[in-house]
Amino acid sequence: MKTLQVSVVTPDGPVYDADAEMVSTKAQSGDLGVLPGHIPMVAPLEIGSVRLKKDGKTEFIAVSGGLLEVRPDKVTILAQSAEKADNIDLARAKAAAARAEKRLQDKSDHVDARRAELSLRRAINRISLAERKF
């Protein structure tokens, strides 16, 4: 079966660089599925997961938004942060979610509610991928 070259890159360096038969992710405009030969496009990503299928196996990567660039033979994801599902530290993700929830419950003026909400969404995304049974 035909494949695409897939690269997931963060400011800290590459997180994933391999071939895949299909890439699925959530853009701000909705869910996207990319197969080899897809028309070129660029789309902003939501906090969510990237699903990569190859040889009957599926890999997941947690991303905290970013940009998706699609070319007929290559998909590049530029993300502020990204983590393979099997590398996620579940205890750390749960601690981050607890901190974010605590900040959201604190109604004082010095708490940035939007920042805390985004932090909570990122933590929940990481937790859901880490707990997923493959």
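# A tour from hairpin to helix

Begin by selecting Val-23, which stands opposite Val-34 in S4. The model on your screen is a predicted one, in which local features need pLDDT of at least 70 and side-chain atom pairs count only at pLDDT 80 or more, while totals for chains, interfaces and linings use all residues. Residues are numbered from 1 along each chain as its sequence is written, and side-chain values use heavy atoms, with hydrogens and water left out.

**First stop: S3 and S4.** Now widen the selection to strand S3 (residues 22-27) and strand S4 (residues 30-34), which run antiparallel and are joined by five bridges. Strands (E, at least two residues) and helices (H or I, at least four) are DSSP runs, numbered from the N terminus, and two strands pair if DSSP finds at least two bridges between them. If you follow the chain from S3 to S4, you pass through a hairpin of two residues.

Within S3, pick out Ser-24. Is Ser-24 buried or exposed? With a relative accessible area of 11%, Ser-24 is buried, where buried means under 20%, exposed means over 50% and partly exposed lies in between (1.4 Å probe, protein chains only). Once neighbours within four places in sequence are set aside, Ser-24 touches Leu-32, Gly-33, Ser-49, Val-50 and Arg-51, a contact being heavy atoms within 4.5 Å.

**Second stop: S7 and its partners.** Select strand S7 (residues 74-78), which is largely enclosed by the rest of the structure, because four of its five residues are buried. Strand S1 (residues 4-10) runs parallel to S7, with five bridges joining them, and here you can find Val-8 opposite Ile-77. S6 also pairs with S7 over five bridges, but in the antiparallel sense, and these two strands form a hairpin with two residues between them. Which residue of S7 is the bridge partner of Arg-71? That partner is Lys-74.

Together with Val-42 and Leu-67, Leu-78 forms a nonpolar patch on the surface, and the three have about 280 Å² of accessible area together. Such patches are made of residues with over 30% relative accessible area and no salt bridge, with nonpolar side chains (Val, Leu, Ile, Met, Phe, Trp, Tyr) joined within 5 Å and like charges within 9 Å; the areas come from the Shrake-Rupley method with a 1.4 Å probe, and for residues only the protein chains shown count as cover.

Move to the loop between S5 and S6 and select Asp-55, which is exposed, with a relative accessible area of 59%. Its phi is near 55°, a positive value in a residue other than glycine. Most residues other than glycine have a negative phi.

Select H2, whose 19 residues reach 27 Å from the first C-alpha to the last, close to the 27 Å expected at 1.5 Å a residue (the expected span is 1.5 Å times one less than the number of residues). The buried residues of H2 are Ala-116, Ser-119, Leu-120, Ala-123, Asn-125, Arg-126, Ile-127 and Leu-129, and they pack against S5, strand S6 (57-71), S8 and helix H1 (90-105).

**Last stop: the salt bridges.** How many salt bridges does a search of the whole structure find? The search finds five, each salt bridge being a side-chain nitrogen of Lys or Arg within 4 Å of a carboxyl oxygen of Asp or Glu.

- Select Arg-121 and Glu-46, whose closest N and O atoms are 3.3 Å apart in a salt bridge. This pair links distant parts of the chain, 75 residues apart, with Arg-121 in helix H2 (residues 113-131) and Glu-46 in strand S5 (residues 41-54). Arg-121 is partly exposed at 33%, and Glu-46 is partly exposed at 24%.
- Next select Arg-126 and Glu-83, which meet in a salt bridge at 2.9 Å, N to O. This pair also links distant parts of the chain, joining H2 to strand S8 (residues 82-84) across 43 residues. Arg-126 counts as buried at 13% relative accessibility, and Glu-83 counts as buried at 18%.
- Finally select Arg-114 and Glu-117, which form a salt bridge at 3.4 Å, N to O. They are separated by about one helical turn, because they lie three residues apart in helix H2. Arg-114 is partly exposed at 47%, and Glu-117 is partly exposed at 36%.
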